[in-house]
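This report describes one protein chain. The sequence and the structure come first, and the description comes after them.

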Amino acid sequence: SRCGENRRLRAGDTLLVEAPDSWVQAQRCTHYFAVLSPITEDTVGGYEPSKSVSSAEAQLKLAASILALLCLLILSALDLVSLFPLALALSFFLVSIGCITLDQAWGSIGYRLLLTIACSFGPGAALTNTNVATIIGTGLIELQVLGRFGFLLAIYLITSAMSCLVSNSATVVAFYSVLRVIKVPGLTAEQLMITMMLGASSAFATPIGYQ
């Protein structure tokens, strides 16, 4: 209320709300707000010079972040360290030196994505147990006459087309159970999986594919 009068909120109004960080995270899962952005002292420029991060410290944190990224890419590519413990160790390192806060680290976890991956094991097992994956795989084997490049291109186009009808997550779940049992001369399972993931994530013809 302002001057004793109540104002009706309309679509597009901007509100400044004082609330804890947990409230912001919780309201992002609802449809009541189009955009939610936390405002800190740094974003409004109200911090004191004594609290500002020095240029040398900022450069040091930037170098540490780049080094952590390079370590993650190189060590995982060379298969020297398992990806999961390596990512946890680097995350702990970045939090400990102040590159990110603990709240930012927890907030960067995609819980919806993790839940989708966890739920995908059920449909994948169903496709395998009902031999549907075997039937689809038998049909895909006939595409070997196209050659290695043609086979990968066919997988890419099929998964991309399917993602226009269902979500890319559902497409990956369906084709993962199929491609993991296919043996194509000259192609590895990693090549098939990467092609499938790229195809499933490249469908932008309908709003369904990139949700």
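The model is a predicted one. Its protein chain has ten helices and zero strands, and the pattern read along the sequence is α-α-α-α-α-α-α-α-α-α. The chain holds 211 residues, of which 20% are buried.

**Largest pocket**

The largest pocket has a volume of about 1600 Å³. Its lining is made by 41 residues, and those closest to the pocket centre are Val24, Arg28, Leu36, Ser37 and Pro38. Among the contributors, H1 gives the most, with five residues. By residue class, the lining of the largest pocket divides into 21 nonpolar, twelve polar and eight charged residues.

**Nonpolar surface patch**

A patch of nonpolar surface covers about 850 Å². The residues that make the patch are Leu62, Ile66, Leu69, Leu70, Leu73, Ile74, Leu78, Leu80 and Val81. One of them, Ile66, has its place in helix H3, which spans residues 55-77. Ile66 is classed as partly exposed because its relative accessible area is 44%, a value between the limits of 20% for buried and 50% for exposed.

With a relative accessibility of 27%, Ser202 counts as partly exposed.

Each of these residues can be paired with a residue at a distance along the sequence. The table gives the separation in sequence and the distance in space, taken from C-alpha to C-alpha.

| Pair | Separation in sequence | C-alpha to C-alpha distance |
|---|---|---|
| Leu165 and Ala203 | 38 residues | 9.5 Å |
| Ser202 and Leu157 | 45 residues | 9.5 Å |

Key:
Residues are numbered from 1 along each chain as its sequence is written. This is a predicted model: local features need pLDDT of at least 70, side-chain atom pairs count only at pLDDT 80 or more; totals for chains, interfaces and linings use all residues. Side-chain values use heavy atoms; hydrogens and water are left out. Patches are made of residues with over 30% relative accessible area and no salt bridge: like charges are joined within 9 Å, nonpolar side chains (Val, Leu, Ile, Met, Phe, Trp, Tyr) within 5 Å. Accessible areas come from the Shrake-Rupley method with a 1.4 Å probe; for residues, only the protein chains shown count as cover. A salt bridge is a side-chain nitrogen of Lys or Arg within 4 Å of a carboxyl oxygen of Asp or Glu. Helices (H or I, at least four residues) and strands (E, at least two) are DSSP runs, numbered from the N terminus. Buried means under 20% relative accessible area, exposed over 50%, partly exposed in between (1.4 Å probe, protein chains only). On a 1 Å grid over the protein atoms alone, a cavity is a set of points where a 1.4 Å probe fits but cannot get out, and a pocket is an open set with protein on both sides within 12 Å along at least five of seven lines; lining residues have an atom within 4 Å of a point. Grid points are joined across faces, edges and corners, and a volume is the space filled by probe spheres set on the points. Ala, Val, Leu, Ile, Met, Phe, Trp, Tyr, Cys and Pro count as nonpolar, Asp, Glu, Lys and Arg as charged, and the others, Gly among them, as polar.
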